[in-house]
Amino acid sequence: MNILRCFILYLTLWISLPSSAITLSPQAEISILTCAPGTELYSLFGHTAIRVSDPHQKIDAVFNYGTFDFRTPHFYLKYAKGLLLYQLSVTSYENFISSYILDDRSVWSQTLQLDSLTKQQLFDNLLKNQLPENRTYLYNFLFDNCSTRVRDMISESIKSPIEWHIRETDKSFWNLLDEYLCRMPWVKWGIHTILGQSGSRVATPQETLFLPDYLMQGLASATDQGQLLAQPAVTVFKASDTPVFNPWYFSPFFVFSICSVLIVLILQKFTSRKTVKIIAIPLFLTSGLIGMLLLFLGYFTLHPMTAPNYNLIWANPLNFIAAFFFLKKKLPGLVRKYLVLYQILLMIGVPSWFFLQPAVPLATLPILCLFIYLSVLLRKRKV
């Protein structure tokens with residue numbers, strides 16, 4: 001029976017027939033599936049998909065806007081530049097749910113309360129979107145993703161405007177992301193370092209729907225001509241309660257603070273030029289490489305909200321070049337002037353953090369203080 005069902009599903013959804021050839025029966029239901037966040041980086045914020053179920057037509061399919069092809073030429077380069085194409089894929093509901101049960105991720109379902117004509121229109125739009133010439137789109141994590149695509153697909157299929165009764169908040173994009181990133185402090189530090197100051201902008205009610213959880217909440221109160229758009233959410237699968245434990249002594253702030261203090265103590269005890277060079281060179285090289293990455297993401301890609309990035313104050317790309325001059329017996333005058341300017345910027349940056357709240361992680365402050373100290377030593381000892 002399962003083999004026959006899958007065969008019919010593939011036959012009806014993948015062959016190049018016009019959408020009008022597949023007519024839903026009055027028993028058909030369309031529902032929105034919301035999946036809980038996972039442990040992998042790509043699944044950290046959850047997922048949204050559309051289920052079309054029609055027992056009469058023997059269709060039970062899930063339309064998924066969150067897939068991409070690892071075989072894409074220059075995959076990683078396109079991903080880094082924000083040019084990776086995502087696509088709409090279709091799978092059976094059974095396979096879709098099985099994968100989330102295997103990952104132990106909760107799934108909720110909200111059945112849309114649509115009339116037969118609107119259900120057919122939504123289904124036709126999905127089939128049209130699934131055609132090879134239409135299925136790909138340029139993914140944008142904050143503004144065009146699996147959740148916003150579902151939101152827009154519903155809006156486009158309903159004749160009257162949907163009324164989203166979403167309460168306005170003062171949450172910025174950073175606030176919204178941090179609700180999920182708090183479970184993974186090192187990932188939070190990395191994303192806060194990569195993304196720029198634009199993330200501090202307050203998100204509009206519509207913009208919050210880029211997160212699957214927020215779309216599920218929005219659908220719970222959304223109305224179409226005064227009628228609720230969706231039935232109350234039903235739990236399809238409940239994951240086991242696994243507490244997240246992040247020891248404070250493994251947090252970025254504690255690790256960076258301890259490492260910075262240890263480096264200062266080492267340099268206080270071993271005051272030779274060689275010791276300063278051994279410590280300063282890899283640190284300046286690393287910060288310079290990070291700066292090059294931030295510069296690339298901010299000004300040479302299509303990623304939103306990666307510029308301006310005030311992390312470039314400490315992760316200055318010029319640090320990479322300056323590190324090679326530390327190998328010389330005497331620092332060139334230009335490098336010494338750069339270190340003076342770099343030190344001044346860092347000294348301004350530390351107190352400014354408490355007043356301006358730039359998009360620089362708190363855990364990075366020990367790094368700023370360490371680089372101030374290293375800059376003083378490098379100039380003072382004329383290494």
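Two strands pair if DSSP finds at least two bridges between them. Helices (H or I, at least four residues) and strands (E, at least two) are DSSP runs, numbered from the N terminus. Before you click: this is a predicted model, where local features need pLDDT of at least 70 and side-chain atom pairs count only at pLDDT 80 or more, while totals for chains, interfaces and linings use all residues. Residues are numbered from 1 along each chain as its sequence is written, and side-chain values use heavy atoms, leaving out hydrogens and water.

Select 29-35 and 107-111: these are β1 and β5, paired antiparallel over five bridges. Then pick T34, and you'll find W108 of β5 opposite.

Now widen the selection to the open sheet of seven strands, ordered β6-β4-β3-β2-β1-β5-β9 with antiparallel pairing. At the edges sit β6 (136-138) and β9 (234-237), each pairing on one side only. On average, neighbouring strands are turned by 30 degrees against each other, direction ignored.

Next stop: 273-299 and 318-325, helices α10 and α11, whose axes come within 6 Å and cross at roughly 155 degrees. (Axes are lines fitted to C-alpha atoms, for helices over the stretch in contact; angles run from 0 to 180 degrees between N-to-C directions.) The two helices are therefore roughly antiparallel, a label for angles over 145 degrees. Show side chains for the contact (heavy atoms within 4.5 Å): among the residues making it are F284 and L285 of α10 and F320 and F324 of α11.

How values were computed: Parallel < 35°, antiparallel > 145°, perpendicular 65-115°, else oblique.
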